[in-house]
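Hello,

Here is the structure I promised to pass on to you. My notes on what turned up in it follow just below.

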Amino acid sequence: MIPGKDYVGLGVGAVIIRAGKVLMLVRSDACRNNRGLWTIPGGMVEPYERLDAAVRREVREETGLDVTSIEFLAVSDRTFDGEHWISILYRCETQGEPSNAEPGMHTKIAWQHLDRLPENMTAPSRDAIDALLDRRVKR
């Protein structure tokens, strides 16, 4: 059985902000969905894995960064590329300098200005950044 196709997939995503920029990666053709789109670090939650452990693992696997704090942002419930995913989205603080730790899965890693984000973003990434910006306006 395939998550997202045979049943609703569960994922996590991390919004990492430094100096008014968000850390994003471009998904490669090796990814099974959202190929060529900019995304925040994140991925599928493994069976029996806690959500906080999943976001820490995904950030480390994709960027080499260690998460030092996690704050809930939003839930994204989206269908794309014939798949249905629910993503739990977080604002994360990290230590270290990011790198493209999974070059087979991502073609690029870059800090994107919050006021000049790429248009070709994954829907869950857009939901996460919108939630972050909305939260900042309300404070």
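**Salt bridges and strands**

Asp 130 is partly exposed, with a relative accessible area of 38% (buried means under 20%, exposed over 50%, partly exposed in between, with a 1.4 Å probe and protein chains only). Its salt-bridge partner is Arg 126, with the closest N and O atoms 3.7 Å apart; a salt bridge here is a side-chain nitrogen of Lys or Arg within 4 Å of a carboxyl oxygen of Asp or Glu. Arg 126 is also partly exposed, at 29%. Both residues lie in helix H2 (residues 123-138), four residues apart, about one turn of the helix. Helices (H or I, at least four residues) and strands (E, at least two) are DSSP runs, numbered from the N terminus.

Please bear in mind that this is a predicted model, where local features need pLDDT of at least 70, side-chain atom pairs count only at pLDDT 80 or more, and totals for chains, interfaces and linings use all residues. Residues are numbered from 1 along each chain as its sequence is written, and side-chain values use heavy atoms, leaving out hydrogens and water.

The structure holds 11 salt bridges. One of them links Glu 93 to Arg 91 at 2.9 Å between the closest N and O atoms; Glu 93 is partly exposed at 34%, whereas Arg 91 counts as buried at 15%.

Glu 93 is also the bridge partner of Ser 69 in the strands: it sits in E6. Strand E5 (residues 66-80) runs antiparallel to E6, joined by 13 bridges (strands pair if DSSP finds at least two bridges between them).

Best wishes
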